[in-house]
Structures are given as structure tokens and as C-alpha cells.
Amino acid sequence: MKRSTPTTSGPGRRAAAPLEAPAKPVARSPRKRTPGRRPTADAVDLRERLLDAALACFAARGISATSLRDIARRAGVTPALVHYYFGDKLQLQQAVVAERLWPVMAQVHAGVGEAGDDVAALVAAFVNGITRAVAAHPWLPTLWVREILCEGGALREVMIERIGPLLPQLLAERFTAAQRAEQLNPRLDPRLMVVSMVGLTMFPLASAPIWQQLFGTGELGADVVQRHALALLTQGLELEHG
């Protein structure tokens with residue numbers, strides 16, 4: 001996808017560039033099948049089912065601990081069929097990133113990009129975007145912890161090289177501009193503001209089963225995390241302090 005040329009919305013201000021999707025794995029040329037081995041389901045539906053199965057296994061076991069056989073078992077097919085559609089595990093992993101993880105992060109990025117320069121709107125766009133994404137895709141926080149946060153995670157480089165230069169830096173730049181305009185507490189570090197927002201959303205959502213058990217409640221879902229994060233962030237930013 002061609003990356004659009006950044007535009008300016010004010011002196012020194014860079015407009016949010018669209019999140020570029022990673023290149024999809026090169027499609028494998030279908031091999032001639034022997035009679036009786038054609039898939040009974042529609043090829044597109046079966047491919048989607050294999051991606052869903054891979055994502056579920058990656059979130060539950062970790063990418064390095066998941067084999068094609070595990071994914072095949074989850075999808076109810078043979079390992080040969082997984083290999084037929086995706087080749088090897090690396091190509092399947094790349095397809096999961098491009099077709100499952102990337103669209104989710106692109107939605108969050110788009111919401112933040114449309115929020116403008118208002119600090120409260122930026123915070124709300126990020127918090128609401130993350131919590132909505134997790135509500136729709138419960139695998140997201142677990143995959144984030146396993147494969148991005150933890151040392152040696154298979155998706156850390158994707159985060160650093162592709163997502164990191166766009167969404168976190170966009171937020172940090174706008175928080176910096178807000179400080180210069182005396183619209184944000186000058187004692188805050190704009191970079192750590194981004195870290196704080198991630199910590200107030202992804203961490204409690206990833207560890208929700210632990211806190212639900214410790215506190216004896218099942219009411220620590222995405223909606224509770226959303227309300228708490230927004231209240232804590234907006235009340236602690238001194239938004240009206242000049």
C-alpha cells in the first residue's frame with residue numbers, strides 16, 4: 001500500500017500518516033491434489049478458519065511453542081492442509097500479523113489520528129480504541145504480553161519497526177505540543193504518558209483473570225478498565241492548569 005505524503009495542520013505539526021500494512025507472504029502456487037484430498041469447505045472460509053486457529057494457538061501457547069500440527073488439530077484438519085495453504089509456520093505467522101493483528105492496530109491509529117490536538121480527546125481516542133479492540137478481539141492482550149512485552153517475543157520487532165514509529169510517536173509529539181501550549185502538566189514526560197496509557201489499558205486487560213480471582217469479582221472487563229483509565233488519566237493531567 002502506498003504511504004501518503006504527510007501534511008501539516010499547523011507550524012511544525014505533522015498529520016498522522018496511515019498505518020502501512022506489512023507485506024503479506026508471497027502466495028504459494030497450488031499443487032495438484034490427488035483425488036479425494038480436496039477440501040470440502042470453501043477455500044476462503046477454510047483459510048480464515050486456519051488463521052483463527054493459528055491466532056488462538058499463538059495466544060494460548062506462544063508462537064515458538066506452537067507447531068503446525070497444533071494449529072491443524074485446533075482447526076480440525078490435517079497438518080498437510082495447513083502446509084498447503086501457508087507453506088511453513090513463518091509464512092503463517094506473517095499472515096496472522098498482516099490479516100489479524102495489523103487491522104486492529106490500524107483502527108486504533110486511525111482513531112488517534114482523527115482526535116486532533118486536544119489532550120483529553122487524544123487520551124480518550126487511545127483508551128477507547130484499545131478497550132474496544134480488546135472487547136472485539138479477546139486474544140489481543142495475551143498476545144501482546146507473550147509476543148511483544150516479554151523478552152524474545154516473536155512480534156517485538158514488528159512492534160518496534162512498524163507500529164512504534166507511528167502510533168506512540170504520534171501521541172508523544174502531540175503531548176509535547178500540548179505542553180508547549182500550556183495545556184498539559186509540565187512535569188509530565190510526553191513519552192511516559194504513552195507508556196502510562198498502555199500500562200493502564202493493556203496490562204489490566206491481559207491480567208484481568210488474576211485480579212478477578214484476587215478480588216473475588218468478575219467485573220474487571222474492558223468497560224471497567226476503560227472508565228478507570230480515562231478517569232485516572234484525565235484527572236491527573238491538570239488539563240485546565242495554565
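Me: Which helix do tryptophan 211 and phenylalanine 215 both lie in, and how many residues apart are they?

Reply: They both sit in helix H10 (residues 208-215), four residues apart, which is about one turn of the helix. Helices here are DSSP runs (H or I, at least four residues), numbered from the N terminus. Bear in mind this is a predicted model, where local features need pLDDT of at least 70, side-chain atom pairs count only at pLDDT 80 or more, and totals for chains, interfaces and linings use all residues. Residues are numbered from 1 along each chain as its sequence is written, and side-chain values use heavy atoms, leaving out hydrogens and water.

Me: What makes tyrosine 84 and tyrosine 85 an edge-to-face pair?

Reply: Rings of Phe, Tyr and Trp (its six-membered ring) pair if their centres lie within 6.5 Å; planes under 30 degrees apart are stacked, over 60 edge-to-face, the rest tilted. These two have centres 5.4 Å apart and planes at 85°, so edge-to-face it is. The search of the whole structure finds two aromatic pairs.

Me: And what kind of pair do tryptophan 211 and phenylalanine 215 form?

Reply: A stacked one: 6.1 Å centre to centre, with 20° between the planes.

Me: Why is phenylalanine 215 called exposed?

Reply: Buried means under 20% relative accessible area, exposed over 50%, partly exposed in between (1.4 Å probe, protein chains only). Phenylalanine 215 has 59%, so it counts as exposed. Tryptophan 211, at 31%, is therefore partly exposed. Tyrosine 84 and tyrosine 85 are both buried.

Terms used: Helix = DSSP H or I, 4+ residues; strand = E, 2+ residues; numbered from the N terminus.
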